[in-house]
Amino acid sequence: MIYVSEADPDEEGYDLAFEPRNVFVKRKDPKSDYKLGEELGRGKFGIVYKCVEKKSGRQFAAKFINTDRKDDRLAVEREVDLMRQLQHPRILQLYDAFDDGTSEMCLILELIEGGELFERVICDDFVLTEKACSIFMRQICEGLEYIHSKNILHLDMKPENILCVSRTGNRIKLIDFGLARKYNPKEKLQILFGTPEFVAPEVVNYEEVGFGTDLWAVGVICYILLSGLSPFMGDSDLETMANVTSTKYDFDDEAFDAISEEAKDFISKLLLPDMRKRMTTTDCLTHPWIKSTKRRSMAVLDKSKLKKFVIRRRWQKAVNAILALKRMGATLKL
Ligand code: BD4
């Protein structure tokens, strides 16, 4: 059985994976410097493989991003530029970047061996308690506090973008800055992307976004981690987005019977219609549910609903991957 260590996650070590590097996009084939290994995952972000740097023998993750469309190259360059500014133990680090003029660019990133957080916590040998949830949520808020301190918005906070550093430890890292944007309070930033279950009402309404937009998603992630239920999920994306704009949700399901009032208070202070009224990352880190983990319950939570949630997301991802391949012109032989 794997109990999440009650110790501070940083007792395992708080170092960066490697010395900060000033990464510039190299105009050559990444395969000249790296040997590709097994596929780790694929999605809208592209395909990620394990890889080994030939000169050092060190392992990394290679993310290949399709750049067929005109703006795709600029988007990857923006991702590189933002990642270059981020060096923190809770944030995935960028190591190298390549553009060899083909239809794909490649980012060489820190390899995070533990895989997705939700995939890990649903394993039968993993004991999920409210205390474990608050330890994970604290680290998510720490990562986001750092990102926001650099005036960067992540804008794609969702369970798939939270990875575990190892299979047995309790440290996590935030990944995927493909949708991230620099925030300038003097400029009105509106966006039209994101995953319906996690996007904030201001995104659905095409209104101005800000730091609070990321914190809405933190509230949704916390709600799901504790209960296995998705607060705004509808039968279609359209229905989900209508539920988001209504901002109505509750803690009525029996899954919340075992959950503390402090945890519910934490979520309620994030799932607020007005993004300016939501807690900031710093508020989150001083909230009693996050700060006083010693008082948190070690009672084992029922993970059956969370397992169903993860299985449903796996199917959604598979369908999205097929649709992405079809868009790229692939024909399916079933
Ligand atoms: O940048 C990455 N480093 C990783 O280790 C990684 C990265 C990305 C962008 C996606 C990744 C992984 C990764 C690592 C493991 C062990 C398993 C799946 C992984 N994925 C795909 C799933 C992310 N949603």
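Let's start with charge. The protein chain carries 52 positive and 54 negative charges, and their mean positions are 3 Å apart. Lys and Arg count as positive here, Asp and Glu as negative, with His and the chain ends not counted. Each charge is placed at NZ of Lys, CZ of Arg, CG of Asp or CD of Glu.

A word on the source. This is a predicted model: local features need pLDDT of at least 70, side-chain atom pairs count only at pLDDT 80 or more, and totals for chains, interfaces and linings use all residues. Residues are numbered from 1 along each chain as its sequence is written, and side-chain values use heavy atoms, with hydrogens and water left out.

Now the overall fold. The protein chain has ten helices and twelve strands. Those are DSSP runs, numbered from the N terminus: helices are H or I with at least four residues, strands are E with at least two. The radius of gyration is 20 Å, close to the 20 Å the globule rule gives for 334 residues, so the chain is as compact as a globular protein of that length. That radius is taken over C-alpha atoms, and the rule is 2.2 Å times the number of residues to the power 0.38. Along the principal axes, the C-alpha atoms fill a box of roughly 55 × 50 × 45 Å.

Surface next. The accessible surface of the chain comes to about 16,100 Å², and 52% of that belongs to carbon and sulfur atoms. Areas come from the Shrake-Rupley method with a 1.4 Å probe; for residues, only the protein chains shown count as cover. Of the 334 residues, 50% are buried. Buried means under 20% relative accessible area, exposed over 50%, partly exposed in between (1.4 Å probe, protein chains only).

And contacts. Take those with a separation of 6 or more: 69% of them join residues 24 or more positions apart. Contact means heavy atoms within 4.5 Å.

On to single residues. First, Glu 53. It sits in strand S4, residues 46-53. Is Glu 53 buried or exposed? Buried, with a relative accessible area of 5%. Which side chain does Glu 53 join through a polar contact? That of Tyr 95, at 3.0 Å. A polar contact is a pair of N or O atoms within 3.5 Å; within protein, one must be able to donate a hydrogen and the other to accept it, and residues adjacent in sequence count only if both atoms are side-chain atoms. Leaving out residues up to four places away in sequence, Glu 53 touches Asp 33, Tyr 34, Arg 58, Phe 60 and Tyr 95.

Gln 93 comes next. It lies in the loop between helix H1 (70-84) and strand S6 (94-99). Gln 93 is buried, at 2% relative accessible area. A polar atom of its side chain lies 3.1 Å from the backbone oxygen of Phe 18. Not counting residues up to four places away in sequence, its contacts include Leu 16, Ala 17, Phe 18, Glu 19 and Pro 20. Also among them are Met 83, Gln 87, Leu 109 and Glu 110.

Then Asn 66, in strand S5, residues 59-66. Asn 66 is partly exposed, at 27% relative accessibility. Its side chain reaches the backbone nitrogen of Asp 68 at 3.0 Å. Cys 106 is 40 residues away along the chain, yet the two C-alpha atoms are separated by 9.0 Å.

Leu 225 takes us to helix H5, residues 211-227. At 2% relative accessibility, Leu 225 is buried. Beyond four places in sequence, Leu 225 touches Phe 118, Val 121, Leu 128, Cys 133, Phe 136, Met 137 and Leu 306. Its C-alpha atom is 9.8 Å from that of Leu 117, which is 108 residues away along the chain.

Two backbone points. Asn 151 has phi near 60°, a positive value in a residue other than glycine. Asn 151 sits in the loop between helix H3 (130-149) and strand S9 (152-153), and is partly exposed at 33%. Leu 155 has a positive phi too, near 65°, and is also not glycine. Leu 155 lies in the loop between S9 and strand S10 (162-164). Leu 155 is buried, at 7% relative accessible area.

Last, Ser 297. Where does Ser 297 lie? In the loop between helix H9 (288-291) and helix H10 (304-327). Ser 297 is partly exposed, with 30% relative accessible area. Leaving aside neighbours within four places in sequence, Ser 297 is in contact with Thr 129, Glu 130 and Lys 131. Asp 33 is 264 residues away along the chain, and the C-alpha atoms of Ser 297 and Asp 33 are separated by 49 Å.
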